[in-house]
Structure formats: structure tokens, C-alpha cells
Amino acid sequence: MNALTPHLSALQIILPLLAAPLCTIFRLPRVTWGIAMVVGVLCSFNAIAILEQVQSSGTIIYALGGWAAPWGIEYRIDDANAFVLVIISVINVFGILYARTSIPAELSEDRISWLYTAWLLCFTGLCGITISGDVFNVFVFLEISSLSTYVLVSFGTDKRALTAALRYLIVGTVAATFYVIGIGLLYALTGTLNMADLAQRLPEVTAHRTVLVAFGFITVGLSIKMALFPFHTWLPNAYAFAPNAVTAFLAGTATKAAIYVFMRLVLTIFPAGFFANSTIAYLIILAVGILGAFVASTIAFFRQDLKQMFAWSSIGQIGYMAIGLGLATSAGVAASFLHLFNHALMKTAVFMAIGCLFVATGSTTLNSLKNAGKRMPWTSAAILIGGLSLIGIPFTTGFVSKWYLVTAALELDMWWLAALVLAGSLVTAAYVWKFVETAYFRTDSNTTYTRSEAPLSLLIPTWILVIANIYFGINAQFTGTQALRAANAIFGFSS
Amino acid sequence: MSIAQYALLLSILVPLGATGPISLFSRNPNLRETATIAASVITFTLVAVVYYSVKHGIEPQLTLIEPFAGVSIAFRAEPLGMLFALMASFLWIVTSIYSIGYMRGHHEQNQTRFFIFFAVAISCTLGAAFAANGFTLFLFYEALTLSTFPLVTHKGDDKAKKAGRIYLFILLGTSVGFFLFALIWTWHLTGHLDFRAGGVFDSSHSRTVLNVLLVLYAFGIGKAALMPFHRWLPTAMVAPTPVSALLHAVAVVKTGVFAILKICVYFFGVDLLASLGTHYFLAYVAAFTIIATAIIALRKDNLKARLAYSTIGQLSYIVLGTMTANAWGIVGGGMHMLMHGFGKITLFFCAGAILVATHKTEISQMRGIGRRMPVTMTAFLIGSISIVGAPPTGGLWSKWYLLLGIVDTHEWLLLCALILGSLLSAIYLLPIVVQAFYPATDNTTEVNEAPLTMRIALLTCSAGCIVLFAVPDFAYELMSNIVDLGQH
């Protein structure tokens, strides 16, 4: 292992990238799943090793192919992206574990290998976005992950999956274009694409209005990728019509990587305080976050399909992360990082449980839920706990997130924001409540129901995440510390 | 760990652990009920052990975990919580005995689920009683809301569901919107949430902020049912009577006023509280609640609804006592928590007994019922007297100290409200008893009492009201430990 230690960051990308074509060669569903699983597990250990390395010996700087930055591409991993990398890699493993039973229920056998190919490419892209220290390289990985996501979404059983994928493709391409225009402008100004380099050179040219324009392009481009309200339009259908395992995977990873990059660019690369000092930009992000949290949660309330409902809920939760970011303080960003982790846990578990429901009943609408509390106690309980966590009930991770976010707001004496964040919980409670009422209280006394619980192979990964959700809700020492370190890393990059 | 520490931890865990045997014996009701009663007796014994320690000046405490910096889940048996825990755990025994008769006599469905969530609710109540900091208090406060929800909606019909919705909406809404907000704010100001004698705030904190915080706490603790956040309590009365009796007259609502008392004494401190200003505003809100609910109670024909409004009013006596911000008022508030607990649970037990024996719920139907149920109606009379605050019941003492506290504030309107409130409570309670002993319209005079277990329970509680008249000193001693009575 020692010989490999310096190259851990490259391995994180190379492993899944190489494994993807392997899947197309082997074609057998079981084998391709095995490849994805092995790679997933290896990458998780790799990511954890990277996190440990970062914590013991500081930022890892890895020049790809031995070409030193700023000419070559470098991977630059510190507390912030190492943390995100672990989240993405671990969620990925659970996604694949879950996919073993869930995917064959939705896809014909000959297409399964293609799904895992796209999945691995998507994972490669997300890891790349997270660890790259080069803004153009980020764009490349962004495209890899986006293109493969379009494919993943189009695998959905419903015909509408195709329109959802197409819609995502169009919007996603616009986003990528905006992003690339933004970094193009930065390149024109500074002559570099390396993040650390950019961070050093940008202060000299801040007077240029071009910086503000680049900032705008990058913000909009990444806002689309992270599905920040009102750039969220692609998300609900993409989530709702993608195969269940894919939805679970995407919900815990895709938007998370985008949020991380957004924070990195906006808070690290742009000169210290640029964001917080350009009052309008900062107020816009805050306003958009608050609006997103309320509007998306309200829309979620009116959805009749569970996948749609929780997809909208995701948009709302991204709003909360944007609020933390918009505060532009280390406490605020820490709250965002924490929620990034917590939300990945809870939303992946919820979507997995919804997948269980699909396998057992063939539908994910609210109507199919009648009496689910008795028919499928474990599945319903998983959705319930995920929902309680979204509301922010104590003993769940959601509570910890809320606590950090409210404290961060109070630190800036923004008590109105603190009150709004808490009021947002009530809107969340409304749609979670809708689920509870249907699953547990809408009973037809005439019909007797038999137990029809989903297979264990689906329930086990779901419940591991549910239990993790409770564990990190009770003991938030680890996540809290990590999030704070991550936030400090975001702010400390330029020095 | 000392014995008292173990006892403290176990008193919270035993009710929770009892859910195991209860669900295990779901097919054998006798064993199941034995498990409930055994758990309640053990819990009370454990609480008594803790009390013994507290009485001798040692307040056991322990910290379980610290989820994040400066915020931990910790317990400490201080006098106020001790008083609350003693009352709740004792009344759980009585209620368990009562429930057996009630649930069977009334042929309720899903009895196992009922007993399970009941035990969980008691565990949460004790957790709140022994909470050593605001965070722990909040955790158990919320858990109590969630665990009592299945009890409120027990019947499962549309009315129960609607009640459940209002219940959750108001309790969760106020607690997340105001209570949690105030807690995080407090944590932000002081860096911790520990309950400390004399309070955690000092002169360095802005008066305006502290005033806002006090109001947030008072309304955020929706379980105290201060108007306008009282609506959940009457609607929760769709629950089976034992739930209304123990939870909505004792455990849940008392957790609310207890939390207000605790926060006022240990966060603000009596002296700081007295200098704030908004405490008068809150005292007037409480006074208004007392009068308004008494008038509403007068107009309710449904017995449980009348008792529910009466409860809201009586809770406001405790809030009023707290907001007088002097030692007498707080002693009175704490004692009223106990006295009203015994009085009101007696009344609810009687309401349930009447329901089981005669299936009557409206007061207008209860004419002459005393001849058929003499034991029940006698107990009802004693409970009523205790609520009114007349001898020979414990209710006298708490009213006495509340009066002292209010006189001390020189706010004569508040005094009038207190007296008027007591008068009104006599008007809406006593005629029920008087009417009950009139000749019945259908001239049935045969004695037809509720099952024995129910009679045992309601007699115990009514006897408790009288015993508390004779020996109120243990409560007084506990309360006098937390405030400085030297100023008088």
C-alpha cells in the first residue's frame, strides 16, 4: 500500500473510469454489478484513506502525470473536499448495494450492464469534480457526470423518463455553457485555470467588471447543476422517473458535488470577502435559498407521487444549504457542509425506501400507500424517520443541521433568518405529515391486508442509512467537527 | 455511580423497557397489565430512592452523551423536578390500575399499543422532569408530543385524526418555532444550556433580548396551553379517558408548566425575572386565560370538555404564579402543579367511570347519577373542592401561596382574576355534584358502579387530595429549596 499512498487521489478517478468499459465487455448483470460493487468499496476505502491522510499531514497536492501546476492539472484535496469525497463514495456503495435487487425489477437484463457503465462514469465525474484543483478540469468532470446522468435517468421504466432526461440534457448543457463562459472570462483576465493560482491572482484584477460577470456566469451555471431554486426545473422529473436506485444515488451525491464546487469557487477562489462584500450577490443567494426552502416545500405538499414529493423536498433542502453558504461565515458554511452530509444520509434512505415500496406494490403514488404502515412496517418506518429528519426532530441528523444553521444566523444577529429557518420546518412537517396520514391512518376496514414487505436485500441498505441517520443525530461530534474543518478549509485556501 | 444515580437513570429506562414485556404479552392481557403495573411500581420506587437522596441534600446527576459542544443529554434531580417526578410516577401506578378497568370495560381496540405508548410517554415525562439542561428538556418535551400522538388518535376515526392533526400542529409548531428558537438563542448568548441556580443570564445581556426570550419561552412551551395556543388540549380529549386523566391533566400539561417554571427559575432567575417587565404582560395573559376558560367551561355540556377548559385555566394559575416573579408565587406554582394534578386526575377518573358504567358524556344527562354511583360522585366532589381550593383538600395550600405571591406584586387586577377564577370554578364544578344527587328522571336508584379497579383508582386519588391537605410540607420543603424565601 505504501507505494500507492501518494497516488491515492488518482486512484479515486482511475478505478471507476477503467471499470466502466469493463462493464460493457462483460455484459452479464451479476458480473457488472460485482465490478461496480468492488470498485465502489475500494473507492470508499480510498476516500477514507485520503481523509485520514489529509487530517494527519495536511492538504494533498497531486500533479496529474507529473506535470506541475499551473501548466499541468492538479488534484488538490483538503478537509473540505475530502469530506465531500467520503460522502459521495460511501453513498455510492449503498446505492450499488441497493441496485442489485432494485434494478432488475425495473430494467430488462440486457440493459443492466449499460446502466452500471453509466453509473460508474457518473461516479467518476462526481469524484473528479470534488477533488480537482483546476477549474477547467472540473468542467470536464462536470460533463462526464452530467452526460452519464442523462443516460441513467433515461433508463427509467416510465416513458416520461425520456422527456425528463432530454429536459435535463438541455438545461444541463446550458449550465455547462454558462460555467465554461465564466471560467473562460477568468482565464482571459488571469491567464490561469488552477484554483490556487486563481485565488492568488484574482485580487489584483477585482476592479475589473469582468470579474463580476464571470462570477455571475459561474454562479448561474452551478446553481443549475445543484438545482438551486429557481434553476431547479430539471430535478423533479429527473428524480421521479429515473430508476429507484439511481434516484437514491443521485439524491445523495450529484447535487452535493455541485454545491461543494460552488462553495469552493465562490468563497475560496474569489478574493476573500468578495462574495460577502458584494452585498447584492450575497443577499440574492440568501433570498433564493429562503425562497427555495419555502416554495419547493410547499409544492412538495401538493404532489401525489412520493418520488415527486421528495424530489421537491430536495430542492427545498438545497435551499437551506444555500442559506448557510449565503451567510458567508465559517459557521454558516459549516452548517451547509453538515447539512450536505446529513441530507445525503436521509434523502438516500428515503428514496431507497420509496424504491422498496415500488418493488412491493408496483407504484410510488400516495394512493398505493394506504395502510402501508401495517403492510410494510419497515419501509414505512424508514420513510417516516427520514421525514422526521427532514423536519428536524431531535435525535435525527436534521435537528443537528437546523441547530447549526440557526446558530450561524444568530451569530450575525440575523434573528429573522433564524426564525424563518425554523418556520420552514413547519412547511416540511406539512408534507411529511401527508405521508404519515396516508401510510398509518388511511385504512379501509373492509379489506384485510397481508404483510408484503420488500425483500431484505433492499431493506438492509435502507436501514443501515436510517440507523446512521439516527446515530449522527445523537452523536454529532464527528460530523460537526468535520463540517467545521471543511468550512475552515474553504476559507483558508487562499492563504 | 451512586445508588441514586442508578435510580435516576433507571426511573427513565424502566418505563421504556416495560414496552418489551407489554408487547410480548399482547395476547395475554392479564400478564400484560401485570407488566405495566409492575413497571409503574418499580418506577415509583426508583423515584422515591432519588427523592431520599435529594432530601438529604445530594442531588444525583449524570451526563449521557454530548451530541455537540456545550450541549449534552444530562440529568439532574433538583427539587422542582423531583416534585414533578414523584407526582407523575405515583399517579402512573394509579392510572395503570384504572386503565385496566377502563380499557376492558369500554372495550377499546388496540390495547397493547395503548399501554406501550403510555409507558413511553411516562418515560419521556420523567426524562423531562430530571433534565439538567434546556436541550435535554426540549428533547423529552418533543418525544412526549410524538409518543402521545398515537394515544390521542387511538380511536382512529375522522374526529380523532383531526384532533391528532391539531395536537401535532400546535405542539410541534410552537415548540419548533418559538421554544427551540429561544433555546438556540440562549445557547448563543451563554454558550451552554445548563439549568443553574440563580439563572444563566446576567446584566451583560440586553434587556430587550431577554424580554423577547421570555415571551418566546412562555408561548413556545405550548403544553402549558397559554392562550392563544390552548386549542390542542380540548381537541385531545377524544383520547381514551386514562390518557386525558394522566397525560392531559398531569404528565403532558404539567411538563409544559414545569418547563416554564424551570426556565424562569434556572435560566432567568427570580430577581432578573422580576426586573424584566414582560413578566407582567405574561401574568396578564395568564389571568385572561383563567377567566376566559372558566367562562367557556361554564358553557360546555360535555363533561370532559368542561374539565379540559378547567385544566387550561388551572395551568394558567401556575404560569401566573411563576410570572409574579417572587418566591411565594413560585412556591405556589410548584405546589399547584401537584395539587391540581391530584384534583384533576380524580375528576377525569370519575368522568371515565361514568362513561364506562352508564355511557353518558354530557352533564345534562347526569342528573341523579349520584344515586347510582355514590362512590364516584363523592370522589368527584372531593376533586372539585380541591380544584376550587377549599379545605379539606390540598388545593387550599397552593392557592394560598399563589395569593401571597400575587399580593406581593400589588397588581390588584391579578388578584381579582385569581379570586374570580376560583369562584367560577366552583360554579362550573359543584353543580354537577349537586345535580347528580337530585332524583333521576327515570327514577333508577340501583347502584351501578364502574369496575372495581377504577373505583380503587379514583378513591386513591381523592384520598390523595385530602392527604395533601394534611401533609403538604414535603412539597413546600422541596419548593422552598429552589427559591430564596428570606426576603419575607
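In this predicted model, 18 residues of chain B are in contact with 22 residues of chain A, two residues being in contact if their C-beta atoms, placed from the backbone, lie within 7 Å. On the chain B side, strand 1 (61–68), helix 5 (134–152) and helix 6 (158–190) each give two or more residues; helices (H or I, at least four residues) and strands (E, at least two) are DSSP runs numbered from the N terminus. Helix 6 of chain B gives the most, with ten residues. Residues are numbered from 1 along each chain as its sequence is written, and chains are lettered from A in the order in which they are written.

Chain B itself is divided into domain 1 (1–264) and domain 2 (277–488), with bounds from an automatic or database domain assignment. Their centres, taken over C-alpha atoms, are 21 Å apart. Domain 1 brings 45 residues to the contact and domain 2 brings 48. Within domain 1, helix 9 of chain B gives the most to this side, with 16 residues.

Helix 7 of chain B (residues 207–220) is among the other contributors from domain 1. Its buried residues (20 or more other C-beta atoms within 10 Å of their own, C-beta atoms being placed from the backbone) include B:Leu210, B:Tyr217 and B:Phe219. Helix 6, helix 9 (241–268) and helix 11 (278–299) of chain B are among the elements that cover them.

Key. Predicted model: local features only at pLDDT ≥ 70, side-chain atom pairs only at ≥ 80, totals over all residues. Buried ≥ 20, exposed ≤ 12 C-beta atoms within 10 Å, placed from the backbone.
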